[in-house]
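Let's take a look at a protein together, starting with one residue and then zooming out to the whole chain.

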Amino acid sequence: MELICAIDLKGGQVVHGRAGRRSEYAPLTWGISPTAEPRGYIEAVRPRSVYIADLDRIAGVGSHDETVLGLSDLVSRCYIDRGCRGPPDMLDAPFIENVIGTETAGSDLTGYSGGYLSVDVKDGRVLPGGEAPEMILSRAEEWGFSGCIFLHISAVGEECGIDRAGVERIRKSTDLPLLYGGGVRDCTDLETLATAGYDGAIIATAIHTKKVPLDLIRRGSFC
């Protein structure tokens, strides 16, 4: 199972996400890295793969494109959610895996070719339409996506752990590669996801609290 380091970018800094309350996100200065400057942060953590949420572009108030594209020498793969509002918004670079989030992508998901569909879930329902996540996931292959992300926004940064029955139910919704993000607490949670058949886990807080060994994120895999 792939292990991916989650990085939220806001105002040119790596910030610590907490349950989707973006107005409260502050620079991540208390973890492994001595700096919240994106390149210095990645040089300190040294993850093999990263998932980046460009919160400024998602909110429509800025962009970190130049910063993200400048990381190609530091990471092997970068999943990037930059608030795609249509196919022209997708980035084209060899190490980039575009993430199209339901929060911003619009109601018509048929026009995207490839990329990962991020099913953005808060309080159990998909943003912004309120659908059941299983319904959206079950149609992702039909819409032409190459993989999916189940992003439990309510649990981001909370280290609340995951529900075994819930993740097993979600995994059964699609045959596409599926990544899980939000609330992963420790290696026991990673084992649960691996056993359930997930292809990857997106983690951040558990690295900085050392509940997941740093060498795993540097290796980029679990078991």
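Val 99 lies in strand 6, which covers residues 96–101; strands here are DSSP runs of E with at least two residues, helices are runs of H or I with at least four, and both are numbered from the N terminus. Keep in mind that this is a predicted model, where local features need pLDDT of at least 70, side-chain atom pairs count only at pLDDT 80 or more, and totals for chains, interfaces and linings use all residues. Residues are numbered from 1 along each chain as its sequence is written, and side-chain values use heavy atoms, with hydrogens and water left out.

So is Val 99 buried or exposed? Val 99 counts as buried because its relative accessibility is 0% (buried means under 20% relative accessible area, exposed over 50%, partly exposed in between, with a 1.4 Å probe and protein chains only).

Who are its neighbours? Leaving out residues up to four places away in sequence, Val 99 touches several others, including Tyr 51, Tyr 79, Cys 84 and Ile 149; contact means heavy atoms within 4.5 Å. Leu 117 sits 18 residues from Val 99 in sequence, yet their C-alpha atoms are 5.9 Å apart.

Now for the whole protein:

| Feature | Value |
|---|---|
| Secondary structure | 9 helices and 11 strands |
| Span of the C-alpha trace along its principal axes | about 45 × 40 × 30 Å |
| Buried share of the 223 residues | 56% |
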